[in-house]
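Please keep the sequence and the model side by side while reading this note.

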Amino acid sequence: MKKTAIILVITVFTAGICAGKANNKNNHNMTFEKNLKIVNVDYGTCYTIGNYQLCPEKKLIKVLRMFGTATKDAVDFFPDTTLQYERETMIIFAGRAFFDKSDLNIDWQTVQLLSYQDHYSEFTDGKTLYYRIRYGSAHKSGREYDKNTYKPGVEEKPAKINHLEFRELTGYFHIKGNTFCYDSLSFGDEVADDEDFNWKEIWRNFEFKPILEPFDVPNLRTIVSKSGFETDYITDGKQVLYSGGSVSYTKKNGKEYVQVKECIVEGVDFATLRILGKDMLADKNAIYYRTEIIPFDKLNGFRFIIREL
C-alpha cells in the first residue's frame, strides 16, 4: 500500500507539472497573439528614428520592444502610452534620438558634447560631467567638470587602407582603381603598416564586385562632421549612400554587379546638410535615419531639439 501510494503521489505531481507547462505554453502563445494584433493595427504612415516610430496620422509614438514565446523571438514597435505626441519633444543629441525622462534638468539646447563614440559619449552643462544616454536617461559621472583637466576618451578605430590603387571608404565599400566596389574586406593597423604585405595576392583572393549604379567615383568620400566624427554615409557630392543598407546582386553582360539602390538616400539638400550621428543626418526638409526619410512637413507639428555632432 505504501508503495502504491508513493507511485500515485508521484503520478499526480508529474501530471501537475505537465499541466503547468502546457498552461504556461498556452499563456505565452495567447500573449504572443495579442501582441501580434497590436503590432499589426493600421497606424497609418509611421517614420522610424532610432528606437521610436512617429505616427502623425494617429498622433502616436511607438517604441521598439521584444515579444514572443519560448520558441518564437520577435521585436516590433508598440504604442507608448507614456508619451503624448502633441506634448513631447524628441531630442537628437550625441547620435541618439530619445525623450528625456530623467530628473537631471539638462538644457539640451546648450549642453556641450565633449567626446563621441558609438556607444559612449561625455557631455557637460559647464559644471557637471554627464555620460552615456540610454533609455531616455543620461547619467552623472559623479565628478565635477573642469575644462582645464578634462581629457576626452578616445575610441580606437582600425586604420583605413589607402594603398596604391585601393581606397577604403566605410562599411564594405571601397574604390579599386577607378571602380566603386563592394566586398567584406577589412584589415587592422598591423596590415596597413606592413610594407611587405602582398596586396596583389589580396586582390586575387577577394573578388571586388563593382557597383551597378553610376557614381562620380573620383569625388566619393565618407561624410564627416565639422568636428571630425565619421559617419556611415558616403557621398560623391550629388548622391548619398548609407553603407549599412541592404544590397543585392545582379548580372549584366555576364558580369556580376552589386545593386545599391536600396541604400541610396534620395533628395538630400547638401547646402543645409547637418551631421547628427553615425547613422543620422538632417537638412532643412527632413531627418535621415539610415535610409529612412522623415519629412518635417509630414509630422503634423511634432517638435525636436536637434544638435549637430
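1. A disulfide is here a pair of cysteine sulfur atoms within 2.5 Å, and by this rule the predicted model has 1 disulfide. The bond joins Cys46 to Cys55, with an S to S distance of 2.1 Å. The torsion about their S-S bond is about 115 degrees, so the disulfide is right-handed.

2. Are Cys46 and Cys55 buried or exposed? Both Cys46 and Cys55 are buried. Cys181 is also buried, with a relative accessible area of 3%, and Cys263, at 0% relative accessibility, counts as buried as well.

3. In soluble globular proteins, nonpolar side chains tend to be buried together. In this model, the largest nonpolar core has 27 residues, and those with the most contacts inside this core are Phe93, Ile106, Trp108, Phe123 and Leu281. The elements that give two or more residues to the core are β5 (89-93), β9 (128-134), β18 (240-242) and β24 (286-289).

4. Phe93 deserves a look of its own: leaving aside residues up to four places away in sequence, Phe93 touches Phe98, Trp108, Val111, Leu113, Phe123, Ile133 and Arg307. A second, separate core has 22 residues, among them Tyr47, Leu54, Met90 and Ala97.

5. Val75 belongs to strand β4, which covers residues 73-79. Because buried means under 20% relative accessible area and exposed means over 50%, Val75, at 49%, counts as partly exposed.

Conventions. Residues numbered from 1 in each chain as written. Predicted model: local features only at pLDDT ≥ 70, side-chain atom pairs only at ≥ 80, totals over all residues. Heavy atoms only, no water. Core = buried A, V, L, I, M, F, W, Y, C linked by side-chain atoms within 4.5 Å. Buried < 20%, exposed > 50% of the residue type's maximum accessible area, 1.4 Å probe, protein only. Helix = DSSP H or I, 4+ residues; strand = E, 2+ residues; numbered from the N terminus. Contact = heavy atoms within 4.5 Å.
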